[in-house]
Amino acid sequence: MKISLFYEFALPRPWVPDDERLLFQEGLAEVEAADKAGFSTVWLTEHHFLEEYCHSTAPEIFLAAASQRTENIRLGFGVMHLPPAINHPARVAERVATLDLISDGRVEFGTGESSSVGELGGFGIDPADKRAQWEEALEVSIRCMIEEPFTGFQGQHIQMPARNVIPKPHQRAHPPVWVACTRPSSVQMAARLGAGALSFAYTGPGPLADRVRGYYQEFADKAEPWLPVLNPNILAIGGDLSMMVAPTDEQALQRLGLGGGFFSFGIMHYYMTGQHTPGRTGVWERYLEAVKEDETLAYGPGRGAIGSPGTVREFLRGYEESGVDEIILLLNPRSHEATMESIELMGEQVLPEFIERDEKAVAAKARRLEPVIEKVQARRKPLPSLAFDENYAFGGLPTGRGGSFTASEIPEAMAEINEGRVQAAQRAKEEAQ
């Protein structure tokens, strides 16, 4: 089992002017330490307008910075939202490919639809359309990464003419694709697609084992992939997977404080029961009030990788036994110094044995899946694509409103450039005389 880190970049109020800068700078230091410690991947979510709960709105920017301070740790979108009003699929392809190039091929391409009122409403997306938008956008973004040129798409939600989208990713044909899975049916859908499942697992390793078996059974029996690159893997993330490692259990609990339950509370607030006034509602304040009424919201022993290295080692072994391929550990808000020590202790006293066993498990899994993948590949669907019209071309000035409008800024700029050339030539002639 691989062990990775997950960032929401929560930033509870009260805020001071330097908080957001410090949040990202401390995060970069933590990822650099995680790379040296041996963590597999740093996964960074993308959310918009969810203040306090998540300030990670441009994950590719942070991951690009992290790529230049690390060597081995993989860089995961956990996830990038694909509805085109949030991220146009051509821009998705461009940003993913650019990050893949500057990181020497370390990108994990996690995808999702978005599920919060704040985000869907903020971008004018009808929740009834979000799955169809994700499906179209995933197809278009993958085709943009691999086709030269992309031959165009005419769908219900996306219309795009032929263009050669550049650059192309380092990992060919494209980085591994993952799907955010909040429900068992989504896990099955990911398996049928041949994509990795970013599976929420709130009920512990026991029920997770059934989900893992179900994923691989669905992959073996029903996968009809169109993705050029298969990624048969299932990963566990959940609100009960916070990380706080210290020399003793008591120190770990003290350092965790009340922050360990903020992730789950934020989900409830923004996705289910909360009412939020932008720039006014205090989410952390509401969380503290809820903890006063129910102390179990704040987590404790057995509710994550929390405790001494020995305690955390035993906790993680339970998930390893479930058969899950990777586990993501959440980081506590406003706990940089404790997080740095947690990462160091994980690297020194916990990760080595898991890394050693994972190397053997990956090899055994490859042997086990070899005949399965052969059958899955035989059921492969062709990647949908339009025939490219070799006579198609674009050019000229942009026009609109039925031809009544023509953009004039470029002709005006070129006229100024040409005038400058004429004047420069005249000055050169006069100086020569």
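**Salt bridges, a buried arginine and a covered strand**

R313 is buried, with a relative accessible area of 19%; buried denotes under 20% relative accessible area, exposed over 50%, and partly exposed the range in between (1.4 Å probe, protein chains only). The model is predicted, so that local features need pLDDT of at least 70 and side-chain atom pairs count only at pLDDT 80 or more, whereas totals for chains, interfaces and linings use all residues. Residues are numbered from 1 along each chain as its sequence is written, and side-chain values use heavy atoms, with hydrogens and water left out.

R313 forms a salt bridge with E353, with 3.4 Å between the closest N and O atoms. R313 belongs to helix α11 (residues 309–321) and E353 to helix α12 (residues 336–378), so the pair ties together parts that are 40 residues apart in sequence. Helices (H or I, at least four residues) and strands (E, at least two) are DSSP runs numbered from the N terminus. A salt bridge is a side-chain nitrogen of Lys or Arg within 4 Å of a carboxyl oxygen of Asp or Glu, and by this rule the count comes to 24. A network of salt bridges links R313 and E353 with E314, R317, E320 and R357.

Two further salt bridges were examined. R213 and D210 meet at 2.2 Å, N to O. Both residues lie in helix α7 (residues 205–222), 3 residues apart, and are therefore separated by about one helical turn. R213 is exposed, at a relative accessible area of 52%, while D210 is partly exposed at 47%. In the salt bridge between D18 and R21, the closest N and O atoms are 2.7 Å apart. D18 is partly exposed at 36% relative accessibility, and R21 is partly exposed at 47%.

R95 is located in helix α3 (residues 89–102) and is buried, with a relative accessible area of 15%. When neighbours within four places in sequence are left aside, R95 is in contact (heavy atoms within 4.5 Å) with E60, M80 and N87.

In a regular strand the side chains alternate between the two faces of the sheet. Strand β11 (residues 242–245) is covered on both faces, with S242 and M244 buried on one side and M243 and V245 buried on the other. Two strands pair if DSSP finds at least two bridges between them. β11 pairs in the parallel sense with strand β12 (residues 304–307) over 4 bridges, and M244 stands opposite I306 in β12. β11 also runs parallel to strand β13 (residues 326–331), to which 2 bridges join it; L331 in β13 is the bridge partner of M243.
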